[in-house]
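Welcome! Please take a moment to look over the sequence and the 3D model, and then let us walk through some of its side chains together.

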Amino acid sequence: MRNTRFLERTRINEVLSAVYNYPLTILESPMGYGKTTAVKQFIEAEKLKPFWFTFPDLNNSEEVFWEQFTDRVLQMNSQAGIALKSLGLPADAPQTEKVLQILSDALSERNLLMVLDDYQLARGASVKKLVLLLAREELDGLHILLITRDTTDIDFVELLAKGLCCILSRQHLKFTESEIRDYCRMMQRGITDRDLDKICKYTDGWISFIYIILLGLANGIPVGISTTMEEMVEKTLFAPYTSDIQDFLLRLSVIEEFSTDQAEFVTNNENAPVLLKRLKKENAFVYYDERSKRYKIHSILLDYLRLKQNFSREEICGLYSRLGDWHLKNQEFQTAYGYWNRAGQVTRILSHLNNPANIRNVLIRFEGADEMFNSTPRSILLQYPFAYLLFIFHSFIQGKQNPVLGWAERLDELYHIYKEQNGIDETCRNRILGETLIQRKFIQFNHWSEMKASDKEIIHLLNGQSSYLLLRDYTFTFGSLQYLFIYFRDVGGFRELADVLSEYVEFTEFSNGWGTGSDFLARAEYALETGDFDRVEKNIHHAIAKAETMSQIYIIICAKLCLMRLRIVQGRLSEAIEILEKLKLEAERINRPFYNTAVDLCSGYVYSCICQPERIPSWLQIGDMKSATFYHQAMAYYYLVYGKAVMASKKYARLEVLSREFKKIFSIYSNQLGFLYNKIFEAAARCNLYGIPSGADVLEAALKEARCDWLVMPFVECAPHIMSMLEQITKDNPGDDFTNRILDLCRKYMQTIQGLSYHPASLTQREIDILSLSAEGLSRKETAEHLCISEETAKTHLKNIYQKLGVNSKISAVKIAQDRGYLERYPSIQQ
């Protein structure tokens with residue numbers, strides 16, 4: 001039979017041209033129906049330059065996808081590509097909004113077809129969520145084509161109902177009878193009509209089966225002798241080769257795709273280059289991708305080979321081990337660990353990870369990491385203390401639980417074993433004990449007496465050196481923008497806590513500079529919260545200057561928020577806004593997920609205080625916490641800012657409901673400032689829903705609690721919502737210095753924010769109509785037809801809507817419009 005050739009099928013190109021009409025097209029069929037080939041022929045015929053990504057069977061495929069996608073954007077728009085690389089694959093609402101804005105600008109005058117092949121292998125939720133979101137947004141110039149064997153995990157029903165998605169199936173792809181006959185005659189001259197009839201009958205248009213039958217026919221196997229695909233693959237693609245090539249193929253089948261060097265290394269076969277060239281020439285099911293410079297085995301042959309594998313456990317583990325070695329040689333540690341884990345080489349992973357030079361956050365997230373650590377006997381884990389401690393640390397800060405033995409108990413066990421162990425180098429023992437005590441500090445989170453109790457011992461054990469595990473780039477406040485907020489847990493203990501934290505510098509001796517500047521930040525925050533405003537600014541500047549020496553970005557942001565709050569209470573509102581705007585510009589320059597989220601929180605806090613809820617980032621307005629990235633320890637602070645945003649929007653019924661939910665969240669770490677704000681939320685809600693007396697009772701309880709620590713700022717910053725109640729309480733208690741002080745500050749605060757000239761833009765009726773139709777599920781094209789306007793006009797209206805609402809996506813626009821009452825009679829778009 002002749003070398004592989006492709007039948008030109010104009011019909012299929014016409015079918016695939018549907019990609020131009022929809023944001024998302026899904027091409028689904030079982031393996032062997034020529035999905036990938038059909039798309040490549042279509043691309044060649046259309047002279048397109050798509051972004052093409054084939055998902056590998058690996059857990060880190062999301063990172064690989066994002067790297068390659070941003071490379072493609074970089075070619076189109078260098079500034080956008082660099083920005084997307086810096087942001088990373090979006091994992092939360094702030095990141096997603098940024099990514100949508102960048103892509104929308106980059107693609108506004110360019111067309112890009114995104115082809116995602118083998119989409120059934122896409123394991124991560126982030127890519128799947130991004131694909132659906134991009135389809136919903138109908139970004140100009142972007143069309144997505146998914147090539148997949150299975151649509152079970154693709155939530156396309158809503159998109160299909162809204163006309164934003166097209167499904168192409170095997171019925172579109174399979175060869176018609178005339179195409180089968182044309183293809184067979186093209187591949188094998190002299191084929192009989194009888195054989196053609198049989199092929200049409202047996203294959204039902206399945207191109208891979210057709211090809212294999214023809215291959216068999218060319219090798220003397222009559223049509224119909226073998227009727228199953230597996231039998232035909234055996235006879236035509238495997239059995240004709242000598243045993244050494246068969247063994248080579250079987251060994252290669254542990255890899256999805258590979259370079260020549262990788263194949264030679266993994267199979268330990270120096271003839272690999274020659275064998276691969278021969279296979280590529282003789283076997284259409286082993287092919288070479290010129291773009292990636294890698295070989296790939298077709299799924300039909302690959303599945304057969306994997307079923308055919310008769311390796312011993314030792315042999316298969318050896319192959320995975322060498323595959324891991326290959327990635328290790330290329331400094332791809334995370335991927336290497338994943339393959340070593342498949343090979344059962346747990347101790348090898350632990351040994352490599354136990355090396356202080358290899359301690360990095362990302363390495364603990366290799367394929368199967370949690371399962372490996374949880375299933376490995378503790379007697380083994382204890383032999384690799386640094387690897388074990390890294391796993392405990394990252395599990396704890398992510399809020400994970402262990403059903404067998406808690407993290408504190410594991411640390412105690414590790415400490416006592418090495419404390420009492422004989423025959424160990426004293427320096428090594430001290431290092432392990434010191435690192436264990438450092439991790440115990442995190443387990444004792446926000447219990448300061450326990451957290452600092454071991455500091456002197458840690459300094460002694462580490463002999464003045466820095467920790468291996470505590471890295472400078474960790475987020476010191478865990479994402480909270482108020483340092484004291486996450487550690488204040490005892491009513492009446494605010495002054496003591498501030499004193500402890502303002503003098504607490506011992507930990508910087510072993511923290512690699514992590515937390516530098518926090519001492520002055522504690523002093524500034526305490527002075528601000530208690531109304532000692534003259535002592536705030538000096539400490540803020542000291543905190544910033546000190547933090548800058550060790551690149552402690554989060555401490556700098558916390559200090560700048562403290563300064564913004566001070567400027568507002570001083571009546572210097574324009575200066576506060578200027579600081580915020582500069583912080584936003586800096587965030588755009590640095591362009592890191594946690595930094596962007598922090599600046600969004602700053603915006604949410606400041607604009608809620610000055611009663612400009614329309615300027616609060618959309619995800620905070622609607623409380624989209626599921627889409628936010630934060631550490632478990634700072635979760636309560638995010639909900640505090642959300643509560644302030646709801647109160648600023650005067651959604652008092654919602655605020656009353658939320659105040660009950662917030663209690664549970666603030667209780668996790670006994671956040672006393674959270675409890676205090678929550679009483680203020682409840683008081684404001686009850687006052688506006690049921691009258692001043694109902695709210696005043698709750699506010700009076702909050703004042704009684706705050707008096708113990710002389711906390712004034714929580715009330716001052718909520719002045720617009722509590723003034724009537726506060727005046728009533730003060731009238732009933734005229735000699736109360738504490739409430740009189742708060743009332744006086746609240747009146748000055750009100751004068752400051754009442755002088756604002758900001759007037760949020762409202763939506764026109766036409767804009768409401770367009771957004772309402774979008775909420776009902778109409779595409780932009782359908783919306784334009786419904787309103788008898790051009791699609792370009794609809795697009796312009798949507799851009800204006802986004803600008804007015806301060807969002808970058810259609811979904812966010814609909815949610816914000818619903819939240820503000822523009823679309824009360826329309827159903828919401830579900831995520």
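In this predicted model, Phe386 has a relative accessible area of 8%, so Phe386 counts as buried, the cut-off being under 20%. How exposed is Tyr468? Tyr468 has a relative accessible area of 29% and is partly exposed.

By the rule used here, the model holds 50 aromatic pairs. The ring planes of Phe386 and Tyr468 stand at 85°, so this pair is edge-to-face, planes over 60 degrees apart being counted that way. Phe386 belongs to helix H22 (residues 385–397), while Tyr468 is in the loop between helix H26 (455–462) and helix H27 (483–487), so you can follow the chain for 82 residues from one to the other.

Phe442 and Phe478 also form an edge-to-face pair. Phe442 sits in helix H24 (residues 426–443) and Phe478 in the loop between H26 and H27, 36 residues apart. Both Phe442 and Phe478 are buried.

Here are the two pairs side by side:

| Pair | Centre to centre | Angle of planes |
|---|---|---|
| Phe386 and Tyr468 | 5.3 Å | 85° |
| Phe442 and Phe478 | 6.2 Å | 85° |

The charged end of Arg322 lies over the ring of Phe265, 4.6 Å from the ring's centre. Over the face of Tyr605 you will find Lys644, 4.7 Å from the ring centre.

Finally, visit Arg410 in helix H23 (residues 407–420). Arg410 is buried but has no salt bridge, and the nearest side chain of opposite charge, Glu413, is 6.3 Å away. Beyond its neighbours within four places in sequence, Arg410 has contacts including Arg378, Tyr388 and Asn402.

Notes. Residues are numbered from 1 along each chain as its sequence is written. This is a predicted model: local features need pLDDT of at least 70, side-chain atom pairs count only at pLDDT 80 or more; totals for chains, interfaces and linings use all residues. Side-chain values use heavy atoms; hydrogens and water are left out. Helices (H or I, at least four residues) and strands (E, at least two) are DSSP runs, numbered from the N terminus. Buried means under 20% relative accessible area, exposed over 50%, partly exposed in between (1.4 Å probe, protein chains only). Lys and Arg count as positive and Asp and Glu as negative; His and the chain ends are not counted. A salt bridge is a side-chain nitrogen of Lys or Arg within 4 Å of a carboxyl oxygen of Asp or Glu. Contact means heavy atoms within 4.5 Å. Rings of Phe, Tyr and Trp (its six-membered ring) pair if their centres lie within 6.5 Å; planes under 30 degrees apart count as stacked, over 60 as edge-to-face and the rest as tilted. A charge sits over a ring if NZ of Lys or CZ of Arg is within 6 Å of the ring centre and within 35 degrees of the ring normal.
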